[in-house]
Amino acid sequence: MKLRLEVVQVPVSDVDRAKAFYTDKLGFVLDHDVEHIPGMRVVQLTPPGSSCSIVIGTGMTSMVPGSLEGLQLVVPDMPEARTELLGRGAPISEAQDMGGFAFAYLSDPDGNRWVIQEIPPKAP
């Protein structure tokens, strides 16, 4: 059996504002933005280099906007990632060394909280 995590719902209050944040500020790729049935809009976005996407929209979840915490985006180089994200206007915190691993934090406009984790490439 294979089980692959490929899509995670992120609860937001304003789909267009969240879509702009994830594409413009974080650089996520817009996979699609469709209304399958009236009242159900599905916007799927994928972080660059990831095989797991997020979905925002309407008519899909009962989660409260801003209630998601702790999703981690993994980067090989924290200073580089922070520089790019800050350049895009993303509200990323200073990096913290947590015993050999660096972590930084950010929130989307609704308050959904993300963790950026640095895991450097392993030497051959």
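The side chains of R88 and E84 meet in a salt bridge with an N to O distance of 3.4 Å, a salt bridge being a side-chain nitrogen of Lys or Arg within 4 Å of a carboxyl oxygen of Asp or Glu. Both residues belong to helix α2 (residues 78-88), where they are four residues apart, about one turn of the helix; helices (H or I, at least four residues) and strands (E, at least two) are DSSP runs, numbered from the N terminus. R88 is partly exposed at a relative accessible area of 32%, and E84 likewise counts as partly exposed, at 48%, where buried means under 20% relative accessible area, exposed over 50%, and partly exposed in between (1.4 Å probe, protein chains only).

The model is predicted, so that local features need pLDDT of at least 70 and side-chain atom pairs count only at pLDDT 80 or more, whereas totals for chains, interfaces and linings use all residues. Residues are numbered from 1 along each chain as its sequence is written, and side-chain values use heavy atoms, with hydrogens and water left out.

A search of the whole structure finds eight salt bridges. Among them is the pair of D33 and K19, with N and O 2.8 Å apart; because D33 lies in strand β2 (residues 29-37) and K19 in helix α1 (residues 15-25), this pair ties together parts that are 14 residues apart in sequence. D33 is partly exposed, with a relative accessible area of 28%, and a network of salt bridges links D16, K19, D33 and R41. A further salt bridge joins R113 to E69, the closest N and O atoms being 3.1 Å apart. Since R113 lies in strand β8 and E69 in strand β5 (residues 69-75), the contact ties together parts that are 44 residues apart in sequence. R113 counts as partly exposed at 46% relative accessibility, while E69 is exposed at 52%.

The chain contains two helices and eight strands, which follow the pattern β-α-β-β-β-β-α-β-β-β along the sequence. Towards the end of this pattern, β6 (96-97) and β7 (102-107) pair in the antiparallel sense over two bridges, pairing being assigned if DSSP finds at least two bridges between two strands. D97 stands opposite A102 in β7, and the hairpin has four residues between the strands, among them G99, which takes a positive phi near 80 degrees. β7 also pairs with strand β8 (residues 113-118), in the antiparallel sense and over six bridges, with E118 in β8 as the bridge partner of A102. The hairpin of β7 and β8 has five residues between the strands, and G111 in its turn has a positive phi of about 100 degrees.

F101 is found in the loop between β6 and β7 and counts as partly exposed at 38% relative accessibility. Together with V74 and I119, F101 makes a nonpolar surface patch of about 250 Å². Patches are made of residues with over 30% relative accessible area and no salt bridge, like charges being joined within 9 Å and nonpolar side chains (Val, Leu, Ile, Met, Phe, Trp, Tyr) within 5 Å.

For the chain as a whole, 37% of the 124 residues count as buried. Residues 24 or more positions apart account for 54% of the contacts with a separation of 6 or more, contact meaning heavy atoms within 4.5 Å. The C-alpha atoms fill a box of roughly 50 × 40 × 20 Å, taken along the principal axes.

Notes: Accessible areas come from the Shrake-Rupley method with a 1.4 Å probe; for residues, only the protein chains shown count as cover.
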